[in-house]
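Subject: Handing over the structure

Hi,

Here is the structure I promised to pass on.

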Amino acid sequence: MMAPPSWALRFLRWFCREDLIEEIEGDLYELFQDRMELDGLHHARRSFVWNVLRSFRLSTIRKINFYPMHLKSNFKLAGRHLVRDGMFSLIKIGGFALGVAACILIGLFVRYELSYDQHHPTKEEIYRIYGRFIADDGQVQAGIHFPMPLGTTIADEVSGIDAVGRVLRLGDRLFRSSASTQNIFEEQFAYIDQEIIDIFNWPFKYGDPKTALINPNTIILSEASADKHFPGRDPVGQTVIMDDREDQPLTVTGVLESAAGPSHLPYRFYISLRDQERWLNESIDWLSHNYFTYLKVPSSSDIQNVREQVLDIFVENMFPNWSRAQNKSIESIIQSTDLQLQPVEDIYLHSTELSYDRMPRSDIRVIWLFSAIALFILVIAIINFVNLATAKSLQRAREVGLRKVLGSVRQQLIGQFLIESFLFSLISVLLGVLLAWIAMPWFNELAGRNLRFPWQSWWLLPAILGGIAGVGLLAGLYPAFYLSRFKPMNVIRGLEVGRTKMSGLRSMLVIFQFMASIVLLIATFVIDRQMNYILNKSIGYDRDQIMVIEGTQTLTEIDPFADRLTQLAGISGVSVGGYIPVTGGNRNGNTFNIVGHPELKTAAQIWVVDHAYGDVLGLEMLDGRYFNEAIQGDSNALIINESMAKALNLDEPLGAEITNGFLDPWRVVGVVKDFHFASFEYEIGPLCLRLGFSNNRMMVKLGQEDVASMVSAVRREWELVSPNQSLRYTFLDENFARMFARVQQQKGMVRAFAFFAIIVACLGLFGLATYTTDQRSKEIGTRKVLGASSASIFKLLTGSFLRLVIIAFIIAAPLGWWLMKKWLEDYSYRIEMTWDILLYAGLLSILIVLMSISYQTLRATLEHPVKALRQG
């Protein structure tokens with residue numbers, strides 16, 4: 001058809017002034033014909049639409065009679081309808097308010113997650129070196145730990161950068177001012193270069209940021225830490241003691257201001273790296289990987305060129321070592337290495353491949369998930385409004401007909417219905433804001449965050465006003481245009497109310513509501529099962545009744561203390577060592593191969609343990625033996641797990657000699673059954689144990705009897721050897737559960753907001769059921785007079801709603817199944833998706849529907865037919 005788009009013409013005739021429409025429409029037709037001759041029909045139609053949109057100006061728009069008098073009467077009418085339709089108004093406002101509250105809570109959570117590292121003044125110029133290494137089996141190993149000399153070499157050899165700095169995580173330490181004798185356990189210590197301050201441009205409350213860490217043995221504190229240890233005063237120049245090392249005092253040279261936003265660097269105490277070496281010649285040691293390295297690259301530099309220069313340093317200084325350790329050519333190392341300069345803005349949400357960095361991080365997919373949930377809930381609330389507004393169209397149609405007969409034009413009616421919508425939106429949004437503020441403490445506990453309601457933020461008021469306008473427009477636009485188009489004579493005669501067409505639309509909207517709700521139900525069931533599977537799965541070691549004592553590195557007589565604990569009643573074993581199989585334990589990775597067979601190699605963790613480690617954890621030996629104090633040669637012995645034996649292709653591992661290419665080889669004396677030492681998102685990897693000294697933790701195996709009294713006994717022994725340091729301990733099973741805290745939080749949030757969505761959907765369904773039974777009261781009375789049973793009436797009223805839910809389930813089941821299959825792929829150890837999950841979700845949704853509509857349907861079913869006929 002050689003004509004412009006009909007919808008564009010209708011839009012033009014709707015908004016354009018009557019005295020201008022003929023002229024403008026004629027000009028646009030002429031332009032359409034000319035464009036069609038030059039460029040064809042497709043371009044002419046697109047140009048016509050653009051010209052119509054350009055014509056939408058203040059000078060061409062019809063005047064809508066929104067005089068103050070009309071506004072006043074419109075608000076009066078809106079208020080009367082709100083009061084007269086009490087229950088419907090309550091459902092509309094309640095659904096909207098719940099939807100708005102859920103959206104606000106999720107929005108604040110998403111905003112917080114997206115705000116990580118956004119407050120740095122030069123965030124666009126800050127990068128972290130990030131390596132992805134593809135193993136021979138195709139698995140990706142990502143890492144951000146690199147040798148100490150990498151930073152200084154980059155500073156000397158790489159052009160196009162402003163600064164390079166290193167960070168070394170120290171973890172948790174004992175801390176006190178030199179004037180105090182009482183040690184206090186503090187978290188989040190790190191060594192950093194002075195250049196890190198320059199790169200991130202941290203603001204200082206006290207001290208000089210340009211010189212704070214240029215000297216050795218200096219430290220800067222976070223504002224909260226300074227207030228804790230030096231309340232109400234400037235601590236610059238004061239000395240502090242870490243880990244009770246009075247021979248190595250640190251001088252406070254600065255206090256950081258509280259950060260303007262969250263950061264992936266969680267530290268609270270920063271110690272100068274100047275002249276620091278944890279062992280001899282660490283500053284030239286290219287074999288040990290412990291440091292995070294950051295670059296500041298000005299926008300004028302070519303980031304790809306900088307990356308290539310850094311890669312050249314890897315090729316020259318690191319890849320030869322990797323080549324020897326892995327028995328691979330340097331060319332193959334280069335091909336299997338993906339070296340990246342990761343923007344600081346991406347670190348928090350785009351580092352899911354890392355497993356041992358111990359940095360706070362999330363996943364961008366979580367942001368998309370909860371954003372979609374918020375959108376679903378808001379859409380469901382809007383659907384409720386549209387459904388209930390159009391459901392009452394018969395009553396409002398008579399009003400529209402009478403007002404048109406009395407002279408009201410369509411624009412006035414549209415204005416009336418939009419004002420009603422904005423009034424509902426105003427009340428709902430304000431109530432939703434109040435509900436969100438009340439629910440904030442609960443939400444913080446659920447999400448594991450410390451969010452605050454942004455009452456003082458400049459954007460809050462515009463956001464509320466925008467929400468009122470946006471929600472009011474979205475929810476009211478269609479009902480306004482639909483109700484205002486009724487022809488007055490047809491309405492008065494009862495010939496046109498659009499019942500069939502609108503009932504079809506309402507059905508589709510109800511289907512969408514319950515489709516979204518059923519998907520959330522499926523997600524809740526799957527996440528619940530996966531978490532129960534993780535927390536109850538056999539993990540290969542005994543995590544119950546094991547007390548983990550922290551900070552034991554400060555004890556001068558740790559072995560005698562351990563011996564005294566083993567003599568206490570109820571304690572069956574004590575192991576000294578920092579390598580525990582949960583998040584927070586020490587970690588150390590190397591590449592290993594069989595001596596004489598460099599082609600048989602694997603990356604593995606190597607842990608330093610003592611003779612009691614296996615007994616305390618209850619590790620199961622599959623072959624060989626555990627370390628024996630009576631055998632002197634065990635200082636060179638090694639115990640490997642099943643995964644390492646398989647990775648090295650060792651059918652008979654006992655006696656095999658294994659090396660990492662740098663130290664003397666170890667001899668395998670035993671094979672331990674695989675046990676989980678990382679999150680279930682990762683498969684159990686190769687692991688080996690060797691005898692050694694690692695003294696920052698102690699595991700104490702308690703009996704099943706009176707745990708409290710045993711802990712008290714341990715505390716008394718501790719106070720004898722460390723009177724200036726309070727006993728700090730956890731239990732291994734608690735640490736294990738904390739490994740999955742993030743997923744537990746996600747489970748709780750999905751469950752909570754699935755409940756929100758279902759409640760909002762049920763409110764709408766309750767309103768529709770009420771409307772349906774009221775409209776069909778005369779029909780129900782007639783059927784009962786003619787002999788229909790109560791059961792048949794109940795089936796009649798509930799059948800239509802149940803059909804819609806079944807259709808929603810048919811759509812939601814495969815969608816929810818696919819989404820949760822994708823989610824489970826992140827876990828190496830996971831449940832199997834089974835059909836009963838869909839069955840439970842379907843049955844629960846049907847039960848929810850019946851509960852939502854049963855009151856109204858039962859009331860209509862049990863009502864006396866004479867009363868129903870009189871009311872009808």
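Let's start with glutamate 186, which counts as buried at 2% relative accessibility (buried is under 20% relative accessible area, exposed over 50%, partly exposed in between, with a 1.4 Å probe and protein chains only). Before you go further: this is a predicted model, where local features need pLDDT of at least 70 and side-chain atom pairs count only at pLDDT 80 or more, while totals for chains, interfaces and linings use all residues. Residues are numbered from 1 along each chain as its sequence is written, and side-chain values use heavy atoms, with hydrogens and water left out.

Back to glutamate 186: it forms a salt bridge with arginine 268, with the closest N and O atoms 3.2 Å apart (a salt bridge is a side-chain nitrogen of Lys or Arg within 4 Å of a carboxyl oxygen of Asp or Glu). This pair ties together distant parts of the chain, 82 residues apart: glutamate 186 sits in strand β4 (residues 184–192), and arginine 268 in the loop between β8 (250–256) and β9 (269–272). Helices (H or I, at least four residues) and strands (E, at least two) are DSSP runs, numbered from the N terminus. Arginine 268 is partly exposed, at 25%.

The structure has 25 salt bridges. One of them joins arginine 35 to aspartate 39, with 2.3 Å between the closest N and O atoms. These two are separated by about one helical turn, because they are four residues apart in helix α2 (residues 18–39). Arginine 35 is partly exposed at 32%, and so is aspartate 39 at 39%. There is also a network of salt bridges linking Arg176, Asp244 and Glu246.

Next, glutamine 513. You'll find it in helix α17 (residues 499–536), and it is buried, at 1% relative accessibility. Leaving out residues up to four places away in sequence, glutamine 513 touches Ile380, Ile383, Asn384, Asn387 and Ala761 (contact means heavy atoms within 4.5 Å).

Last, the cavities. A search of the whole structure turns up three of 30 Å³ or more (a cavity is a set of points on a 1 Å grid over the protein atoms alone where a 1.4 Å probe fits but cannot get out; lining residues have an atom within 4 Å of a point). The second largest cavity holds about 60 Å³ of space, the volume being the space filled by probe spheres set on the points, which are joined across faces, edges and corners. α23 gives the most to its lining, with four residues.

Cheers

Notes
1 Å grid on protein atoms, 1.4 Å probe; cavity = no way out; pocket = protein on both sides within 12 Å on 5 of 7 lines; lining within 4 Å.
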